[in-house]
Amino acid sequence: MNIIVPIRPHTISELKVLVQKINNRADVIEIWLDQLSLSSRTWCGISEILTRMVTESHRVQHDKVKLLGVCKSPDERGNFSGTSAERVAILQKFLDAGGDFVDMDVMRNDEAVIKSLPHQKLILSFHDFDGMPENLDDIFARMYFFSPSVYKFAVTTNTPTELENFLQFVKTFPVEHDTIFTTMGTFGREGREQIEKLGRSWGAFFALDEESKTAKGQKTLDEIS
């Protein structure tokens, strides 16, 4: 299972500091690009970080930590207020700068712009910040159309029934697809623990520290056993 650490830097200097703090404790670092001032200097800074990470991984002979770019709107707990087309342009620049993956929500972005991203670098996600929907199979069918590299389902489980229904979805999901399963809400932490035990998730999210948590139920890096 890949350890994914989300960070929300406001400057390229802060981004460098956060990457250094994570060190090699993550497999994937998720950068919230909507928090950054996206100037040409920023993209150069991201390229510089990628180059240094590749060099470091070769020096110590381990896999390079991968960078995942996200650009979240206010209803996704982010700051981006532009159009779907403007969002995909930012994510494409992130890939051009050397990023490894980008994340797009299948229900919040236009079909055409999702298809404009390279599917082999796409984590196609579904988020429900209010509850556990009953039509996850239909949502998966919609996502399948895009042939993403990784699927992601993040739902809010506020009752034992919602948690049990989501765990059943996880258990029966086709194993041939790389998929991230995660939970938020009252039973968010318990859900993440149960998903980890099932061993079916491509990755799990861990915060750098308590102040950096991006969802209720998220553990920190220090809690990894």
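**Aromatic contacts, close-up views**

View 1. F181 counts as buried because its relative accessibility is 5%, where buried means under 20% relative accessible area, exposed over 50% and partly exposed in between (1.4 Å probe, protein chains only). The model is predicted: local features need pLDDT of at least 70, side-chain atom pairs count only at pLDDT 80 or more, and totals for chains, interfaces and linings use all residues. Residues are numbered from 1 along each chain as its sequence is written, and side-chain values use heavy atoms, with hydrogens and water left out. F173, at 5% relative accessibility, is likewise buried.

**View 2. The ring pair F153 and F169.** The structure holds 14 aromatic pairs (rings of Phe, Tyr and Trp, the last by its six-membered ring, with centres within 6.5 Å; planes under 30 degrees apart are stacked, over 60 edge-to-face, the rest tilted). The F153 and F169 ring centres are 5.0 Å apart with planes at 75°, so this pair is edge-to-face. Because F153 belongs to strand β6 (residues 150–156) and F169 to helix α6 (residues 160–172), the pair ties together parts 16 residues apart in sequence; helices (H or I, at least four residues) and strands (E, at least two) are DSSP runs numbered from the N terminus. F153 and F169 are both buried. F173 and F181 also pair edge-to-face, at 5.4 Å centre to centre and 80° between the planes.

**View 3. The aromatic cluster.** One cluster is formed by F140, Y144, Y151, F153, F166, F169, F173 and F181.

**View 4. Arginine charges over rings.** The charged end of R77 sits over the ring of F129, 4.3 Å from its centre (NZ of Lys or CZ of Arg within 6 Å of the ring centre and within 35 degrees of the ring normal). The charged end of R8 sits over the ring of W32, at 5.3 Å from the ring centre.
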